[in-house]
Amino acid sequence: IFPLERIAEMEEYLITKNPPSTKYRYQHDDEIKEATNKFYQARYGHLSIFEEPIPGVIYTLGADGAQGIPKGDDSSAYVLRLPEMEEVACFSDIILPEHFAGVLNYLGLLYNKALIGCEINDKGGYAAVEKLVNFYHYPNLYYRINPLKSVVETNIRYGWTTNAETRQMMINDFTVLINNGDIFIKSKELLSQMKSFILINGKPQAAPGEHDDLVISAMIAVQMVRQVSIPREPIKPKNPPRFSFEWHM
């Protein structure tokens with residue numbers, strides 16, 4: 001699905017530059033509320049931090065939740081810094097949905113209340129979103145409006161739904177960024193999954209025996225970029241050269 005030439009270029013860059021990262025593990029304890037105390041450094045941690053949060057910067061977080069079954073699919077999260085579209089953090093592990101909700105909550109809070117888009121196609125992702133809404137009350141969770149609901153009923157639906165239409169949109173937008181070099185991917189595991197993301201019976205998905213959780217998370221993080229407003233510095237007028245036409249005007 002994705003251009004192998006560009007993936008090879010990104011892999012070569014990572015081998016040459018080797019962006020520094022620190023590994024962390026998540027400590028699940030709902031009695032501890034401080035986000036800075038939820039992750040501890042570990043050599044074989046499942047959370048890779050490439051860049052610590054910068055105050056005042058906007059981040060988006062894409063997530064793909066699973067059910068936490070042993071030898072099953074991983075639950076993944078992917079954090080982008082805007083407007084540079086640079087990967088700053090990446091998480092992937094087989095973890096229970098209620099624990100994954102904690103990962104998303106505290107990771108999002110650390111990165112300046114990042115806009116979180118969590119896929120709810122799987123029961124695990126749906127359960128994680130339910131806890132984010134009803135237990136953690138996360139302040140910046142992606143939602144969409146259901147116009148079929150009446151005004152009296154609740155019409156807010158939290159979480160990202162991947163279907164045939166949104167999947168193709170996600171792939172198209174992600175491919176454009178890759179081809180133009182407008183996204184900085186630092187996770188070698190993501191690049192590996194991108195190479196095995198193929199077309200099977202007309203559906204883009206992971207090849208048999210492979211995973212695509214990080215691919216889905218990264219593509220959702222890109223979609224979240226559409227939902228945020230990035231403040232820009234006002235354009236300062238340039239002084240024209242002395243005695244030029246613009247200077248006389």
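Start with the second largest pocket: select its 13 lining residues, among which Asp64, Asp73, Glu119, Asp122 and Asp212 lie nearest the centre. The model is a predicted one. The space in this second largest pocket comes to about 260 Å³. Colour the selection by class, and the lining shows eight charged residues, three polar and two nonpolar.

Next, move to the largest pocket, which has a volume of about 310 Å³. Its lining is made of 18 residues; select Lys23, Ser48, Phe50, Ser187 and Lys188 to find those closest to the centre. Coloured by class, the lining of the largest pocket divides into seven polar, six nonpolar and five charged residues.

Now show the secondary structure around the largest pocket. Strand β6 (86–93) and helix α5 (188–195) each supply at least two residues of the lining. With four residues, β6 gives the most to that lining.

Stay on β6 and select Ser92, which lies in this strand. Is Ser92 buried or exposed? Its relative accessible area is 17%, so Ser92 counts as buried, the cut-off being under 20%.

Display the side chain of Ser76 as well: a polar contact of 3.2 Å joins it to the side chain of Ser92.

Technical notes
Residues numbered from 1 in each chain as written. Predicted model: local features only at pLDDT ≥ 70, side-chain atom pairs only at ≥ 80, totals over all residues. Heavy atoms only, no water. 1 Å grid on protein atoms, 1.4 Å probe; cavity = no way out; pocket = protein on both sides within 12 Å on 5 of 7 lines; lining within 4 Å. Points joined across faces, edges and corners; volume = space filled by probe spheres on them. Nonpolar A, V, L, I, M, F, W, Y, C, P; charged D, E, K, R; others polar. Buried < 20%, exposed > 50% of the residue type's maximum accessible area, 1.4 Å probe, protein only. Polar contact = N/O pair within 3.5 Å; in protein donor to acceptor, adjacent residues only side chain to side chain.
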